[in-house]
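Visitor: Hi! I'm new to this, so please walk me through the model below in plain words.

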Protein chains: 2
Amino acid sequence: MLEEKNPSKTALSALGEFALIAHLTQNFKVENKSSLVGIGDDAAVVEHAKERTLISTDLLVEGIHFDLSYMPLKHLGYKAVMVNLSDLYAMNAHPQQITVSIAVSNRFTLEALEDLYEGIALACKNYKVDLVGGDTTSSTTGLILSITALGSAPKKKIVCRSGAKENDLLVVSGDLGGAYAGLQILEREKAVFKVNPNEQPDLSPYSYSIGRQLKPEARKDVVELLNTLNIIPTAMIDISDGLSSEILHLSKASGVGFQVFEEKIPIDPEVSLICEEFKFNPLTAALNGGEDYELLFTVDQKHYDAIKSHPYLTVIGHACENSRGCNLVTGLGQQIELTAQGWQSFSEE
Amino acid sequence: MLEEKNPSKTALSALGEFALIAHLTQNFKVENKSSLVGIGDDAAVVEHAKERTLISTDLLVEGIHFDLSYMPLKHLGYKAVMVNLSDLYAMNAHPQQITVSIAVSNRFTLEALEDLYEGIALACKNYKVDLVGGDTTSSTTGLILSITALGSAPKKKIVCRSGAKENDLLVVSGDLGGAYAGLQILEREKAVFKVNPNEQPDLSPYSYSIGRQLKPEARKDVVELLNTLNIIPTAMIDISDGLSSEILHLSKASGVGFQVFEEKIPIDPEVSLICEEFKFNPLTAALNGGEDYELLFTVDQKHYDAIKSHPYLTVIGHACENSRGCNLVTGLGQQIELTAQGWQSFSEE
C-alpha cells in the first residue's frame with residue numbers, strides 16, 4: 001500500500017508542498033459560522049462570540065501510538081481527530097475547528113495521504129468540525145500526526161477535573177476495556193500473519209473490540225445528553241489511559257478520594273470472552289487498558305434518578321474523603337488501592 | 001550532550017509522563033488574563049473577549065528542520081516559538097498562548113529537555129505569551145516539536161494575504177538573506193569539525209548571520225509600530241520561505257502583480273561578505289533563502305511618508321496589474337520573473 005515504487009501510485013515529490021496541501025484539503029467544506037479564515041493564510045481566524053475558547057492537542061507518532069500494519073490510514077485519520085475531540089467533550093465543550101499537521105517520509109504516496117485525509121474528513125463531517133489549518137512536511141522516518149482542536153462553551157458550562165466533591169456520584173459512559181482487547185487481537189493476528197501470510201483469520205467474533213481500537217467515537221452524544229438532562233458534571237475527564245489513571249487524575253485535581261465498585265464497571269461480554277481467551281482479567285483491561293475514549297465524570301447525588309437507568313451511563317462509585325484514597329471495592333468487600341498502570345511513554349519495557 | 005549513558009544525566013524513563021510534564025513546565029507563569037485554564041486539564045481555556053481568535057501551527061522534525069549538531073536545544077525551543085508567533089504577527093494579531101507538543105527518543109535526557117524548555121520559557125517571557133497545554137510523548141528516532149500559537153485581534157485589524165490592491169506599496173521589515181548565510185557558515189563548520197574536531201573556528205565575523213539562523217526574533221516591534229502609526233496593511237505575510245515565494249503568495253491571494261526593485265532589497269553587509277566567500281549572489285539568499293521571519297506587507301501609497309525613512313522598514317516595490325505578473329526590476333532596468341525556489345519539503349534532492 002505504501003510502496004513508492006508502485007507505478008500506479010504518485011510520489012509526494014511530484015507535488016510541491018503547497019500543491020499537496022491544496023490537493024488534500026480540497027474536499028473539506030467549512031460549515032461553522034465561527035470559522036472565519038481557514039487554510040491558506042498565515043493563521044486561521046475563528047470567533048467563538050461570547051463563549052470561551054478551548055484548545056486540546058495531541059501528537060501521534062508511528063511505531064509509538066499506531067502500527068500501520070493493522071491500522072488502515074483512513075481509520076488512523078478518523079481516530080486522531082476523535083482523540084482530540086474527546087478532550088474537548090471532557091470539558092463539556094463543543095468542538096468546532098481542528099488543525100492537522102503531518103510529517104511523512106517518502107515511503108508514503110499521495111494515495112496513502114488521501115486515505116488519511118479521507119478519515120479526517122469523515123470525522124469532520126460526522127462531528128461538524130472544520131479543518132482550518134495545519135502544516136505539511138517531511139520526516140526522516142514514518143508518519144507523525146499533530147492535531148489541535150478548538151471548541152467553545154459558555155463560561156458556566158465548562159467542566160474541569162477539579163470540581164468533584166465528597167459524595168458526588170462517579171459515572172462512566174459506555175463500556176471499558178474494548179480498545180485494549182481489540183489491540184490484543186490485532187497484535188496476535190499480526191504475529192500470525194508474519195508466520196503464515198496466506199491465512200485469512202475470521203475476526204468477526206471480535207468485531208466490537210476491534211472497532212473500539214480502530215474506530216473509536218468521541219462521546220458527543222453523552223455531552224448532548226447531559227445538556228438535555230440539565231446536568232453539569234462537577235468534574236470530568238476522558239478515558240485515554242485507563243479508568244484507574246483517570247480516577248487518580250480527578251482525585252488529585254479535586255482533592256477527594258473515590259470508592260469504585262468492581263461489579264459496577266461496565267464491560268462488554270465480547271471483551272470478557274477475549275480476556276478469557278488471552279487469560280487476563282477483564283477488570284485489568286478496563287482499569288489499565290486505555291484508549292476507550294469514554295467520559296468519566298462526577299455529579300451531585302441529586303441527579304441519581306436521571307442517570308441510573310440511562311443505557312449510556314453507569315454509576316460506578318462515589319467520591320469520598322481525600323484521606324481514604326482511591327480504592328476498588330471487590331465483590332467480597334475487599335478494598336484494593338487503585339494505581340495508575342496506564343500507558344507510559346517513557347518506560348523502558 | 002545527549003548521551004543517555006552519562007551518569008550525571010537523567011534518563012526520561014526515570015520519570016513518568018505526567019511527572020515529566022510537571023517538571024518541565026514548573027517555571028512557566030501564566031501572565032495573560034485571557035489564559036483561564038492552562039496545563040493539567042483535558043483542554044486549555046482562553047477568552048479573547050470581543051476580539052477574534054487566531055491560530056497558527058508548525059511541526060518541526062529533527063533532520064528536516066533542524067540539526068542538533070549546531071542548533072543548541074535552548075535556541076531550538078526559542079526559534080520554534082518564534083516561527084509560530086511570526087505567523088500571528090503576519091495577521092497583525094497579538095499572540096497570547098501557545099501549546100507545545102514534543103516527541104523524543106530515549107537518546108534525550110531530562111537535562112536536554114530542560115534546555116529546550118528554557119528556550120521556550122524565554123520566548124514566552126520576551127513575548128508575553130503563556131504556555132497553556134501540549135503533549136509529551138516518545139518517538140522512535142529524534143526530536144519532533146509541534147507548536148500551536150493562539151492570538152487575538154479586533155476584527156478590523158486582522159490582515160490577510162488577500163487585500164493588496166494595485167499601486168499599493170510593497171514593504172519589508174529588517175533585512176533579508178541573513179538566516180540563509182548563517183546556515184551556510186554553520187554547515188561549513190560542521191563539515192570542518194568532522195575532519196578536525198580540535199579546530200576552534202573564529203565565528204565572530206559571522207555573528208549577525210549565525211544569530212539570524214539560530215535565534216530569530218518575530219517582528220512584534222513592527223506590528224506595534226504599525227499600530228502606533230495608525231497603519232493597517234492591506235495584506236501581510238511573514239518571510240519563512242524566501243521573499244520570492246512570499247511575494248507570489250500575496251500575488252495569488254490578492255489577484256495583483258508586483259514590481260520589486262533589486263536595489264531596494266535590504267541586505268546586511270555581513271551577509272554580502274558571506275555570499276562573496278561562498279560565491280553566490282546575495283540576492284539569491286534574500287529571494288530564496290528563507291527563515292528570516294521578517295514581515296512583508298502592502299500599504300496604501302498615502303502612507304509612504306510615514307514609512308519611507310523608518311529604520312525598520314524598506315519600500316521595495318509596488319503592486320501592479322495582475323496580468324503583469326511578479327517581476328524583479330534589476331539595476332539596469334531588466335525585468336526578471338520571480339519564481340518560488342523556497343524550501344520544498346518533498347523534493348528528492
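Guide: Strands (E, at least two residues) and helices (H or I, at least four residues) are DSSP runs, numbered from the N terminus. This is a predicted model, where local features need pLDDT of at least 70 and side-chain atom pairs count only at pLDDT 80 or more, while totals for chains, interfaces and linings use all residues. Residues are numbered from 1 along each chain as its sequence is written, and chains are lettered from A and ligands numbered from 1 in the order in which they are written.

Visitor: Okay, bridges then. What is the bridge partner of G257(A) in β11(A)?

Guide: That's C320(A). G257(A) belongs to strand β9 (residues 257-261) of chain A, which pairs with β11(A) in the antiparallel sense over 4 bridges.

Visitor: Which other strand is joined to β11(A), by 5 bridges?

Guide: Strand β7 (residues 169-173) of chain A, and those two run antiparallel. There, V172(A) has T314(A) of β11(A) as its bridge partner.

Visitor: How many residues are in contact?

Guide: 60 residues of chain A with 60 residues of chain B. On the chain A side, the largest share comes from strand β3 (residues 52-61), with 9 residues. By class, that side has 26 nonpolar, 23 polar and 11 charged residues. Nonpolar covers Ala, Val, Leu, Ile, Met, Phe, Trp, Tyr, Cys and Pro, charged covers Asp, Glu, Lys and Arg, and the others, Gly among them, are polar.

Visitor: And β3(A), which strand of chain B is it joined to?

Guide: Strand β2 (residues 44-46) of chain B, by 3 bridges, running antiparallel. I55(A) stands opposite A44(B), and L54(A) has V45(B) as its bridge partner.

Visitor: What sheet do they sit in?

Guide: An open one of 6 strands with mixed pairing, in the order β5(A)-β4(A)-β6(A)-β3(A)-β2(B)-β1(B). Its edge strands, each pairing on one side only, are β5 (130-138) of chain A and β1 (35-37) of chain B. Neighbouring strands are turned by 25 degrees against each other on average, direction ignored.

Visitor: Where is A43(A)?

Guide: In the loop between β1 (35-37) and β2 (44-46) of chain A. A43(A) counts as buried because it has 28 C-beta neighbours inside 10 Å. Residues of chain B that A43(A) touches include L54(B), I55(B) and M91(B).

Visitor: Now helices. At what angle do α4(B) and α5(B) cross?

Guide: Roughly 100 degrees, with the axes of α4 (residues 178-195) and α5 (residues 207-214) of chain B coming within 7 Å. So α4(B) is roughly perpendicular to α5(B). The contact residues divide into 7 nonpolar, 4 polar and 1 charged.

Visitor: Which residues of α5(B) are buried?

Guide: S209(B), I210(B), R212(B), Q213(B) and L214(B). The buried residues of α5(B) pack against α2 (73-89), α4 and α8 (269-278) of chain B.

Visitor: How are those angles defined?

Guide: Axes are lines fitted to C-alpha atoms, for helices over the stretch in contact, and angles run from 0 to 180 degrees between N-to-C directions. Under 35 degrees counts as roughly parallel, over 145 as roughly antiparallel, 65 to 115 as roughly perpendicular and the rest as oblique.

Notes. Two strands pair if DSSP finds at least two bridges between them. Two residues are in contact if their C-beta atoms, placed from the backbone, lie within 7 Å. A residue is buried if 20 or more other C-beta atoms lie within 10 Å of its own, exposed if 12 or fewer, and partly exposed in between; C-beta atoms are placed from the backbone. Lists of a residue's contacts leave out its neighbours within four places in sequence.
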